[in-house]
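Please read the following note alongside the sequence and the model. The points are numbered so that each may be checked in turn.

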Amino acid sequence: MKILLTNDDGIACDGIWALKKELETLGAHEVYMVVPEENRSGISHGITMQGPIRLRQKEKHVWACSGTPADCIIVSLLGDLAIRPDVIISGINEGPNLGTDIIYSGTASAARQGALHGIPSIAVSMGSHTKPFYYDTAARYIINHIDELLDLWQPETFLNINVPNTKDEMIEYRISHPSRRRYNDQVVRFNAPDGHHYCFLEGGAIETKEDEGSDWHVVESGLVSISKIYIHPVVVQDLRFTIPSPEAKGVMP
């Protein structure tokens, strides 16, 4: 099987190398890596519209790309590399991509871009922000179950997988739906000696609707969460939002 690996955490992240190591240990697959040269977390489905994209070969079948995760897939499939993989795996992400996180996730965007080209694509993330990350365990799960995951994949979707951060071998999974998450971020401003005003985004606590069967709930239960994510925008004919009362603080509508 020909497998293309990428991520959004950059070529220095241990997660993608854990996947590569497990695949090479089996020796049954042809493995390629086209990965951002720097961390591109939170870049969503951005692509480079102006200026060139640089590719630097780091070793056999491994390239560092100056662009975004989606760029990595585009140049892999359409550029000089012309890789046509049987499956694309994006990750393993350093931390979760649950529910609403998918909107912002570069990890998810790479899988979405692959699926847009009709290739079975999988986004894989650790289900916790807490270190140490047991990437080897997560990688073994994905590689040992790759045929089952491909059976679950359907055209016009990608699989968004979150694995519990555990050193114990994982067996059980659940098909889940994306959870709803609220981000209590704030913009912090400061004045610099150059006379300009600057700001940066400071992440706050994330509130998640504790909905049974959601990806968050499945991971919290110690199981592997697999969500099938549709890749195209859809029109909702009758959408009514419920505004939570002040008393419902900390609960998603």
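1. Is Phe-200 buried, partly exposed or exposed? The model under review is predicted. In it, Phe-200 has a relative accessible area of 40%. Buried would require under 20% and exposed over 50%, so Phe-200 counts as partly exposed.

2. Phe-200 belongs to strand E11, which covers residues 197–202. Together with Phe-190 and Tyr-198, Phe-200 forms a nonpolar patch on the surface. The accessible area of these residues together is about 280 Å².

3. Helix H1 comprises 13 residues, 14–26. At 1.5 Å a residue, helix H1 should span 18 Å, and its end C-alpha atoms are 19 Å apart, so the two values agree. After H1 comes Gly-27, which has a positive phi near 70 degrees.

4. Several residues of H1 are buried, namely Gly-15, Ile-16, Ala-18, Leu-19, Lys-20, Glu-22 and Leu-23. The packing partners of the buried residues of H1 include strand E1 (2–6), strand E2 (30–36) and strand E3 (55–59). Strand E4 (62–65), strand E5 (87–93) and helix H5 (135–144) are also packed against by these buried residues.

5. Thr-166 is found in the loop that lies between strand E7 (157–163) and strand E8 (173–175). Its side chain reaches the backbone nitrogen of Asp-168 at 3.0 Å. When neighbours within four places in sequence are left aside, Thr-166 is in contact with Tyr-134 and Thr-137.

Definitions and conventions: Residues are numbered from 1 along each chain as its sequence is written. This is a predicted model: local features need pLDDT of at least 70, side-chain atom pairs count only at pLDDT 80 or more; totals for chains, interfaces and linings use all residues. Side-chain values use heavy atoms; hydrogens and water are left out. Patches are made of residues with over 30% relative accessible area and no salt bridge: like charges are joined within 9 Å, nonpolar side chains (Val, Leu, Ile, Met, Phe, Trp, Tyr) within 5 Å. Accessible areas come from the Shrake-Rupley method with a 1.4 Å probe; for residues, only the protein chains shown count as cover. A salt bridge is a side-chain nitrogen of Lys or Arg within 4 Å of a carboxyl oxygen of Asp or Glu. Helices (H or I, at least four residues) and strands (E, at least two) are DSSP runs, numbered from the N terminus. Buried means under 20% relative accessible area, exposed over 50%, partly exposed in between (1.4 Å probe, protein chains only). A polar contact is a pair of N or O atoms within 3.5 Å; within protein, one must be able to donate a hydrogen and the other to accept it, and residues adjacent in sequence count only if both atoms are side-chain atoms. Contact means heavy atoms within 4.5 Å. The expected span of a helix is 1.5 Å times one less than its number of residues.
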